[in-house]
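This report concerns a predicted model. It turns to charged side chains and then to a metal site.

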Amino acid sequence: MNREDRLEAVTEDHDAARQRRIESARQALNAAGTKDCSDCGRAIPEARRMAAPFARRCAACQSEREREFYCR
Ligand SMILES: [Zn+2]
């Protein structure tokens, strides 16, 4: 194997590893939470899904739920 081939092989390995990391991160995100609010059905903003991966509701519905819970 010449120098250029080796370099290419390393780059491909690197890309494959990165691709696997991205893919597993995406799968974890999908498994952890849902894309849509379970109450109103609207999409949960990605920023919220990142901050609260287990959130099943959008911030509005979640605070509504929490208010109900604490007012009982
Ligand atoms: Zn909602």
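R65 is partly exposed, with a relative accessible area of 38%, and in this predicted model its side chain forms a salt bridge with D39, the closest N and O atoms lying 3.0 Å apart. That pair links distant parts of the chain, since R65 sits in helix α3 whereas D39 belongs to the loop between α1 and α2, 26 residues away. Salt bridges with shared partners join D39, R57 and R65 into one network. D39 itself counts as partly exposed at 34% relative accessibility.

The count comes to four salt bridges, including the following.

| Pair | Closest N to O distance |
|---|---|
| R65 and D39 | 3.0 Å |
| D39 and R57 | 3.2 Å |

The metal site is made of cysteines: the zinc ion is coordinated by the SG atoms of C37, C40, C58 and C61 at 2.3 Å. Because the four donor atoms subtend angles of 103 to 116° around the zinc ion, the arrangement is tetrahedral. In sequence, the donor residues follow the spacing C-x2-C-x17-C-x2-C. C40 is partly exposed, with a relative accessible area of 34%, whereas C61 counts as buried at 13% relative accessibility.

Notes. Residues are numbered from 1 along each chain as its sequence is written. This is a predicted model: local features need pLDDT of at least 70, side-chain atom pairs count only at pLDDT 80 or more; totals for chains, interfaces and linings use all residues. Side-chain values use heavy atoms; hydrogens and water are left out. Donors are N, O and S atoms within 2.8 Å of the metal (3.2 Å for Na, K and Ca); water is not among the atoms, so sites may look incomplete. Four donors count as tetrahedral if all angles lie between 85 and 135 degrees; four count as square planar and six as octahedral if opposite donors are over 155 degrees apart and all others between 65 and 115; anything else is irregular. Buried means under 20% relative accessible area, exposed over 50%, partly exposed in between (1.4 Å probe, protein chains only). Helices (H or I, at least four residues) and strands (E, at least two) are DSSP runs, numbered from the N terminus.
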